[in-house]
Amino acid sequence: MTPLAPPGDIPVLADRVWLYTGAEGPPLAAQDEALRRYLANRGRGEAGRAAHAEVEQRLRGRLAALLGLPAPDIALVSNASEALNLVARSLRTRAGDNVVVNDLEYPSVVQPWLRLAEQGVEVRVARHAGVSLPAESLAGLVDERTRAVAVSHVSYQSGWRHDVAAIAAAAHRVGAAVVLDATQSLGVVPVPAGLADVVVASSYKWMLGGHGLGVLAWNTARRPLPQPPAVGWRSVGNLFADDRFERYHLHADARRFEVGFPAYPTIYALDAALAWLAGFPPADVERHVVSLSGRLVGELSARGWDLLTPDDPARRAGNVAVRSAAGEELARVLATRGIHCWGGDGRLRASVHLFNGDADVDALLDALDSLPADLGPRKV
């Protein structure tokens, strides 16, 4: 397989192999011009602010199209962690209620709910077995007191892609909210946002945006907007209302979650990235990535690496992970050879996107094959 993207679109790939997108996507050539436009508009005074607003509105439309939700359902916050905290504090919970998570989650998906444990809310953890975490493991923890099931569409840890339809069916039977973190899937594989009550995502990974901007999409077709836990001048429709010293009037849409100016440089960068990604049919991207990750899973398994990622193409996306106590050191060694992966927490993870191809997989495999014995695979 050859990359779907022309090589000149991502200049940094000229001298390195980028299998790091699960941690950070590479910058695009188109973003140079976008950031120049941002700086130029900064110097235009009020006209520049109007230009910022135009780019922001366009970005909301691109995100809405990517998620299959209306643009008014999209809020722009500082990061996915902030989004998750806003959601956890917006859902009504009380002592005796419970929230269901799983043990393949990134800490930020779990921590906001642990804060609720201080108020008597139980956090129930579904456990994976081998490379699998079937939907039944989460569904079996759901009962009449469940208020939310918080789950990453694709696990940062193992690459497992959850069966969101089955999880949502179990949650919605008891009126629980499905809070879906799409950080490891949005921009590379389709996200079933319509099945979730809320979708959150970072912008600097698979969407190839930048830091300082997160997505909070509140699916108003499934659940009415709540009162937000924080308010600011961006949360209201009329900033200078005559009664502004007596009361505030929240936006009627998801913008009520926004309290102040967003990170406009990242808005420009993400707008450019999503315009670029829109040039590739989503079905082609998913097919390419699932095929490439499948090849990597097979090759690593054949070499004796202890795979965390499933072979089933329906249950994975772009992340492929192996167990390795030397994961962090492995990533450092690979980086000295121009191959960027992520290592740590007892793992080495390689992430493939539409700009990767067989040559990148070959380069990684050749490098791993040449490692000293103490850094090589733990036989299984």
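**Close-up 1. The loop that holds D345 in the predicted model.** In this predicted model, D345 is placed in the loop that runs between strand 12 (342-344) and strand 13. Although D345 is not a glycine, its phi is positive, at about 55°. The residue is exposed, because its relative accessible area of 57% is over 50%.

**Close-up 2. L208, a second residue with a positive phi.** L208 belongs to the loop between strand 7 (198-202) and strand 8, and its phi is positive at about 65° although the residue is not a glycine. L208 is buried, with a relative accessible area of 1%. Among the residues that L208 touches is H353, which is the subject of the next view.

**Close-up 3. The surroundings of H353.** H353 is located in the loop between strand 13 (347-351) and helix 10 (358-369), and it counts as buried because its relative accessibility is 0%, where buried means under 20%. When residues up to four places away in sequence are not counted, H353 touches T21, G187, V188, W206, L208, L277, H288 and V289.

**Close-up 4. L66 and its contacts from elsewhere in the chain.** L66 is part of helix 2 (residues 46-67) and counts as partly exposed, at 37% relative accessibility. With neighbours within four places in sequence left aside, L66 is in contact with L186, G187, M207 and L274.

**Close-up 5. The crossing of helix 1 and helix 7.** Two packed helices are described by the angle between their axes and by the distance between the axes. For helix 1 (residues 29-42) and helix 7 (residues 264-277), the axes come within 9 Å and cross at roughly 145°, and the crossing is right-handed. On the side of helix 1 the contact is made by A30, Q31, A34, L35, R37, Y38 and N41, which meet Y264, P265, Y268, A269, A272 and A273 of helix 7. By residue class, this contact divides into 10 nonpolar, 2 polar and 1 charged.

**Close-up 6. Aromatic pairs, with W18 and Y20 as one of them.** A search of the whole structure finds 7 aromatic pairs. One of them joins W18 and Y20 in an edge-to-face arrangement, with 5.7 Å from centre to centre and 85° between the planes. Of these two residues, W18 is buried, with a relative accessible area of 11%, whereas Y20 counts as partly exposed at 26% relative accessibility. A further pair is formed by W233 and F261, whose ring centres are 5.0 Å apart and whose planes stand at 85°, so that this pair is also edge-to-face. W233 and F261 both lie in the loop between strand 8 (214-218) and helix 7, yet they are 28 residues apart, and the pair thus links distant parts of the chain. W233 counts as partly exposed at 39% relative accessibility, and F261 is partly exposed as well, with a relative accessible area of 44%.

**Close-up 7. R315 and the ring of W160.** R315 lies over the face of W160, at a distance of 5.8 Å from the ring centre.

Methods: Residues are numbered from 1 along each chain as its sequence is written. This is a predicted model: local features need pLDDT of at least 70, side-chain atom pairs count only at pLDDT 80 or more; totals for chains, interfaces and linings use all residues. Side-chain values use heavy atoms; hydrogens and water are left out. Axes are lines fitted to C-alpha atoms, for helices over the stretch in contact, and angles run from 0 to 180 degrees between N-to-C directions. Helices (H or I, at least four residues) and strands (E, at least two) are DSSP runs, numbered from the N terminus. A crossing is left-handed if the near helix is turned anticlockwise from the far one by less than a right angle, and right-handed if clockwise. Contact means heavy atoms within 4.5 Å. Ala, Val, Leu, Ile, Met, Phe, Trp, Tyr, Cys and Pro count as nonpolar, Asp, Glu, Lys and Arg as charged, and the others, Gly among them, as polar. Rings of Phe, Tyr and Trp (its six-membered ring) pair if their centres lie within 6.5 Å; planes under 30 degrees apart count as stacked, over 60 as edge-to-face and the rest as tilted. Buried means under 20% relative accessible area, exposed over 50%, partly exposed in between (1.4 Å probe, protein chains only). A charge sits over a ring if NZ of Lys or CZ of Arg is within 6 Å of the ring centre and within 35 degrees of the ring normal.
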